[in-house]
Amino acid sequence: MPTDGTAELDGLAGWTVDLMERLGGPGAGLAIFLENLFPPLPSEVVLPMAGFAAKLGKLSVVEAIIWTTVGSVVGAWVIYLLGAWLGHDRMRTLAVKLPLIDGEDVDKSAAWFARHGTKGVFFGRMLPLFRSFISVPAGTERMNFAVFTVLTLLGSLIWNSVFIGAGYALGANWHFVEPYASTLQYVVLIAVLGFVGWFTVKRLRRRSAR
């Protein structure tokens with residue numbers, strides 16, 4: 001029976017380690033690539049597992065960081081290209097069909113991204129939920145692709161290194177990272193829900209006044 005802690009792994013954690021055992025570094029990159037495309041797959045679990053796999057000798061820490069960063073960038077490229085394919089006008093047409101959304105809201109968001117898009121992409125890569133979604137406006141607003149790539153690479157490199165390093169340092173106790181990652185997710189989620197609530201009340205009051 002394994003004594004390295006892998007025997008107790010199941011679910012996403014077990015799948016991630018199994019993928020890395022089979023494919024090595026590219027397996028870690030593939031896991032993060034999929035996480036970018038399907039945000040419900042939490043990088044806060046996948047990345048510590050890459051560090052844990054490095055602790056077990058399945059791959060090196062540097063290899064884990066490089067491959068997961070490559071996976072992050074390639075995944076962001078896919079979403080960016082999807083946003084570029086949609087374009088600002090088509091995205092605006094789709095958005096105004098949503099309840100309480102006006103064309104003015106989309107235009108204001110585009111103007112904000114034009115002013116703060118570089119900071120948004122860089123820091124967005126280090127926030128749950130926003131990690132994937134920030135690539136959409138980057139694409140629709142046709143942010144310079146080279147700039148987008150560099151900012152995505154740097155932001156992802158920091159995020160990946162922190163969680164992989166934590167997984168490596170903790171070894172079989174990698175799950176101690178989860179409470180902190182979950183707290184961060186909840187903080188971001190509460191902030192998003194708070195903004196949505198504020199926006200909804202403001203919009204209903206505006207329409208009532210009209």
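Author: Leucine 81 counts as exposed because its relative accessibility is 51%; exposed means over 50%, buried under 20% and partly exposed in between, with a 1.4 Å probe and protein chains only. Leucine 81 sits in helix α4. Helices here are DSSP runs of H or I with at least four residues, strands are runs of E with at least two, and both are numbered from the N terminus.

This is a predicted model, in which local features need pLDDT of at least 70, side-chain atom pairs count only at pLDDT 80 or more, and totals for chains, interfaces and linings use all residues. Residues are numbered from 1 along each chain as its sequence is written, and side-chain values use heavy atoms, with hydrogens and water left out.

Leu81 belongs to a nonpolar surface patch of about 750 Å², together with Val62, Ile66, Trp67, Val70, Val74, Trp77, Val78 and Phe145. Patch residues have over 30% relative accessible area and no salt bridge; like charges are joined within 9 Å, and nonpolar side chains (Val, Leu, Ile, Met, Phe, Trp, Tyr) within 5 Å. A salt bridge is a side-chain nitrogen of Lys or Arg within 4 Å of a carboxyl oxygen of Asp or Glu, and accessible areas come from the Shrake-Rupley method with a 1.4 Å probe, only the protein chains shown counting as cover for residues. Helix α4 (residues 61-95) gives the patch its largest share, 8 residues. An α-helix has 3.6 residues a turn, so residues three or four places apart point the same way.

Inside, α3 (residues 43-55) is largely enclosed by the rest of the structure, because 12 of its 13 residues are buried. Among them are Val46, Leu47, Met49, Ala50 and Phe52, and also Ser43 and Glu44. From first C-alpha to last, α3 reaches 18 Å, close to the 18 Å expected at 1.5 Å a residue; that expected span is 1.5 Å times one less than the number of residues. Glycine 57 follows α3 and has a positive phi, near 85 degrees.

The largest nonpolar core has 16 residues, and Met20, Leu47, Ala50, Ala64, Trp159 and Ile164 have the most contacts inside it. Such a core is a set of buried Ala, Val, Leu, Ile, Met, Phe, Trp, Tyr and Cys residues joined through side-chain atoms within 4.5 Å. Two or more residues each come from α1 (11-23), α2 (25-37), α3, α4 and α8, and α3 has the largest share, 4 residues. Beyond its neighbours within four places in sequence, alanine 50 is in contact (heavy atoms within 4.5 Å) with Met20, Ala28, Leu59, Ala64 and Ile164. A second, separate core of 9 residues includes Ala76, Val121, Phe148 and Leu151.

Leucine 30 lies in α2 and is partly exposed, at 34% relative accessible area. Its C-alpha is 6.0 Å from that of glycine 71, 41 residues apart along the chain.

For context, the chain has 9 helices and 0 strands, and 41% of its 210 residues are buried. Of the contacts with a separation of 6 or more, 77% join residues 24 or more positions apart.
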